Amino acid sequence: MPGRGDMRPLDRRAFIVECDMVTAYGWGVEACWEGIRAGRTALRPCPRLKRTEFKDFPMGHVEDIEDPARCDSHVMRMIGGLWERRSGAAFPSESRLLLATAKGEIDLLERALRGEGGAASECTLEGFLARVRSLLGLSGRGAIVSSACASSAAALGVAAAMIRDGEAECVLVVAADAVTEFAASGFHSLMALDPAGARPFDSARAGLSAGEGAAYAFLMSAACARRMGRASLGEVKGFGLCADANHMTGPARDGNGLARAIEAALLAAGATTDDIGSVSAHGTGTPYNDSMELKALSRVFGGRKVPAYSAKGGLGHTMGAAGLIEALLALRSMDAGETPPTVNLSAIDPEARGWVSMEPVRFDPAKAVLSTNSGFGGVNAALVLERPEMGPERR
Amino acid sequence: MRIAAYGIGWAEGDAMGALGRGLSIRRTPEAERDSFQHPFKNYSRLDGASRDAALASALALADAGVSYPFDSGIVAGMAGAGPAASLSSDIEYFMDYLDNGRILGRANLFIYTLPTSPLAEASIHFGLLGPCLYLSDAEGEPGSALAYADRTLRSGAAHAMLLAHIGRGRAACALLAPEGSSFSARAPAAGIEQVEITLSGRRPGPWEPR
């Protein structure tokens with residue numbers, strides 16, 4: 001941030017140089033951005049759940065990945081689709097891979113247990129990691145990153161830290177989770193699904209909508225990006241990960257865990273709340289999460305409110321993929337200099353007034369964005385993201 | 001700054017122990033209960049992986065001579081790795097759902113179907129307010145989790161980290177902290193170079209039945 005001291009060596013800044021995603025809005029960051037910017041929801045009943053109790057519940061599913069003739073998983077089809085869309089320079093084969101997910105290829109386990117083929121014992125995250133590494137042609141070390149619904153936010157933070165500390169020059173973060181009977185039935189068992197579709201920060205909100213998606217972000221050190229002639233799409237400037245130590249499914253009501261994660265991210269970024277222009281909130285649409293999040297934001301920002309939004313009324317809760325998908329949307333919002341509306345919002349909860357809006361809101365594009373995610377077990381993650389031209393050269 | 005393991009605890013099959021103290025005893029309900037400094041709410045309802053991880057963590061803390069909950073201002077987190085993650089719990093949950101006609105799943109089974117579930121249960125009991133993260137290499141090895149814990153401690157984001165490796169019917173946990181910190185009054189049980197080998201499947205010490 002201009003005028004602020006930064007002890008991090010310039011060459012070790014973590015830049016996102018390439019990214020892509022697929023969500024219920026379709027393929028590409030732009031498809032998702034345009035849908036959310038227009039205030040249009042992509043939630044609708046998911047045909048593959050037609051034999052379940054929640055078949056009519058709106059969900060954020062990706063069309064055209066269904067193919068009964070194929071035996072691979074939904075997440076592999078999404079990741080494979082993203083891979084097919086790529087053009088340009090190949091990833092350096094020695095790039096490190098962080099594969100972020102909450103449930104991976106759980107639909108393979110569903111099929112095995114329903115007697116439709118496959119062996120349950122082979123439905124492991126290690127198998128998923130091996131298949132993704134093989135698809136992407138990477139020989140570098142890979143790891144699964146999982147922190148419930150903060151998985152891919154955590155993966156971005158870990159990737160940035162690896163680059164910052166000189167452990168790697170290039171890290172590919174891939175994130176994916178799918179709408180499955182397993183996940184939807186689980187949320188249903190917790191009475192966490194809203195039959196009317198998620199309405200984040202709405203006074204009548206009643207739960208979340210399951211969603212699916214896949215995304216990748218390729219991070220390079222600034223030195224490596226310069227050497228390889230790669231332009232930066234944005235910098236992962238700071239990251240925080242903190243636990244509530246409260247309850248397996250319910251967040252700490254006072255938001256203290258998320259507040260500490262945000263403060264840790266700001267500290268790591270060398271920033272204060274004055275440097276934040278907007279917030280991409282987790283905003284699931286459950287009564288407790290959204291309230292907790294607003295309390296955390298109020299605690300950290302004091303009396304100041306900045307434009308905030310949740311994307312989950314549009315694309316659903318993409319679980320482990322949410323952090324990366326929403327961070328990439330946040331970078332897009334910086335390009336536009338405006339936050340998108342919070343989709344499906346019709347009556348703003350009093351706690352949320354001054355934060356979220358039913359319309360796009362302009363913000364200073366020179367400022368950074370804060371992206372937050374929380375998850376089961378009381379995990380909380382926060383990212384501070386900057387546009388590439390921000391941050392003065394420092395020697 | 002050097003990072004060391006101040007305590008290492010383990011639970012495997014019908015045995016449990018701690019490396020620093022050379023403890024190796026039969027795992028009984030009484031021995032499990034006595035390993036925790038405070039009663040563990042709903043311990044009997046935890047899934048197997050969560051019980052193993054919690055027990056190994058308790059043994060690691062005891063091995064280090066560390067009491068919990070931690071003093072105000074002390075931030076401790078937890079990282080974990082292991083083969084097959086939550087597969088056993090996944091199967092248990094979904095089979096129960098299918099057996100009950102695909103009408104309603106059981107929430108008390110579903111909450112254990114995340115790789116972080118055992119780490120989260122431990123975090124709640126021990127009052128860990130730092131990071132909670134599953135970071136597992138190919139074959140479930142803990143190398144990346146160890147590097148993450150090391151990095152987290154060096155950055156000051158946490159004062160101590162529990163690092164757990166959770167397998168099928170076994171768990172091992174190391175309490176990591178910077179050498180010379182006031183976190184533990186005892187000498188380290190192991191250098192960080194030994195932690196990955198110790199956690200990832202080689203039994204830390206001989207077990208003899210009592």
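Helices (H or I, at least four residues) and strands (E, at least two) are DSSP runs, numbered from the N terminus.

**View 1. Secondary structure of chain B in the predicted model.** Counted this way, chain B holds seven helices and eight strands. The coordinates come from a predicted model. Its scores are ipTM 0.93 and pTM 0.95.

**View 2. Overall dimensions of chain B.** Along the principal axes, the C-alpha atoms of chain B occupy a box of roughly 55 × 40 × 35 Å. The radius of gyration of chain B is 17 Å. A compact globule of 210 residues would have a value near 17 Å, so chain B agrees with that expectation.

**View 3. Burial and contacts in chain B.** Of the 210 residues of chain B, 59% are buried. Take the contacts of chain B with a separation of 6 or more: 69% of them join residues 24 or more positions apart.

**View 4. Surface and charge of chain B.** Chain B carries 18 positive and 22 negative side chains. The centres of these two sets are 3 Å apart.

**View 5. Confidence along chain B, with residues 202-210.** The mean pLDDT of chain B is 90, and 95% of its residues score at least 70. Residues 202-210 of chain B fall below 50. In the model, this stretch still makes 17 contacts beyond near neighbours in sequence. Where pLDDT is low, predicted coordinates should not be read in detail.

**View 6. Fold and dimensions of chain A.** Chain A has eleven helices and 15 strands. Its radius of gyration is 20 Å, close to the 21 Å that the globule rule gives for 395 residues, so chain A is as compact as a globular protein of that length.

**View 7. Interior of chain A.** Buried residues make up 66% of the 395 in chain A. Among contacts of chain A with a separation of 6 or more, 79% link residues 24 or more positions apart.

**View 8. Surface and charge of chain A.** The accessible surface of chain A is about 13000 Å². Of this, 52% belongs to carbon and sulfur atoms. Chain A has 43 positive and 47 negative charges. Their mean positions lie 3 Å apart.

Key: Residues numbered from 1 in each chain as written. Chains lettered and ligands numbered in written order. Predicted model: local features only at pLDDT ≥ 70, side-chain atom pairs only at ≥ 80, totals over all residues. Heavy atoms only, no water. Rg over C-alpha atoms; globule rule 2.2 N^0.38 Å. Buried < 20%, exposed > 50% of the residue type's maximum accessible area, 1.4 Å probe, protein only. Contact = heavy atoms within 4.5 Å. Areas by Shrake-Rupley, 256 points an atom, 1.4 Å probe, with all protein chains shown as cover. Lys, Arg positive; Asp, Glu negative; His and termini not counted. Charge placed at Lys NZ, Arg CZ, Asp CG, Glu CD. pLDDT = per-residue confidence, 0-100.
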